Amino acid sequence: MIEYFLYFLTAFIVYLNILASVSLVKSNDLSVFQKVSQFVFVWLIPIIGPKLVLNMLSEAEPESTEWVPRMAHGWLIIGNVYHDSLHGREDSPPTDISSGSDGGSSD
């Protein structure tokens, strides 16, 4: 039984690493040195490496992670505040609901 769990865990780690590696290849903003460094980071540090690289890529260059399956977005990629790459929409920044007054009594 534990043998099957180890097979599943290994397959899951390889899958995450492949997602991050392909996203690095699709990235246009990184230099070759940065891509190689992050590629090594992804493959040497399982689970954490791919998550950090995919989060960085999704914030810096969302189009490089658009191909990542939607089910992986919730766990792997944390979208930035103003761009929700999961739904492909840009939300407006939060608006200030106060009307300039502090809401208290005036002196």
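Trainee: What share of the 107 residues in the protein chain is buried?
Mentor: Buried residues make up 28% of them. Keep in mind that this is a predicted model.

Trainee: How many helices and strands does the protein chain have, and in what order do the elements run?
Mentor: The chain has four helices and two strands. From the N terminus on, the order is α-α-α-α-β-β.

Trainee: What makes α1 and α2 roughly antiparallel to each other?
Mentor: Set the angle against the cut-off. Helix α1 (residues 2-26) and helix α2 (residues 32-44) pack at about 175 degrees. Angles over 145 count as roughly antiparallel. Therefore α1 and α2 get that label. Their axes are 10 Å apart.

Trainee: Which residues make that contact?
Mentor: From α1 come V14, N17, I18, A20, S21, L24 and V25. From α2 come K35, Q38, F39, V42 and W43. By class, the contact of α1 with α2 has eight nonpolar, three polar and one charged residues.

Trainee: Why does S21 count as buried?
Mentor: The relative accessibility of S21 is 8%. Buried means under 20%. So S21 counts as buried. S21 lies in helix α1. Leaving out residues up to four places away in sequence, S21 touches F39, V42 and W43.

Trainee: What does α2 do with α3, in terms of angle and axis distance?
Mentor: α2 and α3 pack at an angle of about 145 degrees, with axes 7 Å apart. On the α2 side the contact uses Q38, F41 and V42. On the α3 side it uses G49, P50, L52, V53 and M56. The classes are six nonpolar, two polar and no charged residues.

Trainee: Which residues form the largest nonpolar core?
Mentor: Nine residues: L19, A20, L24, L30, V42, V53, L54, L57 and V68. What puts residues in such a core is that they are buried and joined through side-chain atoms within 4.5 Å. α1 and α3 (48-60) each supply at least two residues of this core.

Trainee: What is V53 in contact with?
Mentor: Leave aside neighbours within four places in sequence. V53 then contacts A20, L24, Q38, F41 and V42.

Trainee: Why is I47 called partly exposed?
Mentor: The relative accessible area of I47 is 29%. Buried needs under 20%, and exposed needs over 50%. The value falls in between, so I47 is partly exposed. I47 lies in the loop between α2 and α3. Phi of I47 is near 65 degrees, a positive value in a residue other than glycine.

Trainee: And why does F12 get the label partly exposed?
Mentor: For F12 the relative accessible area is 31%. F12 is in helix α1. F12 and I47 are 35 residues apart in sequence, yet 8.8 Å apart in space, C-alpha to C-alpha.

Trainee: Which residues does UniProt list as "transmembrane region"?
Mentor: The unreviewed UniProt entry lists residues 6-25. In the model, that stretch is 100% helix and 0% strand. The end C-alpha atoms of the stretch are 28 Å apart.

Trainee: What part of the contacts with a separation of 6 or more comes from residues 24 or more positions apart?
Mentor: Such residues account for 48% of those contacts in the protein chain.

Note on methods. Residues numbered from 1 in each chain as written. Predicted model: local features only at pLDDT ≥ 70, side-chain atom pairs only at ≥ 80, totals over all residues. Heavy atoms only, no water. Axes fitted to C-alpha atoms, helices over the stretch in contact; angles between N-to-C directions. Parallel < 35°, antiparallel > 145°, perpendicular 65-115°, else oblique. Contact = heavy atoms within 4.5 Å. Nonpolar A, V, L, I, M, F, W, Y, C, P; charged D, E, K, R; others polar. UniProt positions renumbered as here; feature names shortened; annotations may be inferred. Buried < 20%, exposed > 50% of the residue type's maximum accessible area, 1.4 Å probe, protein only.
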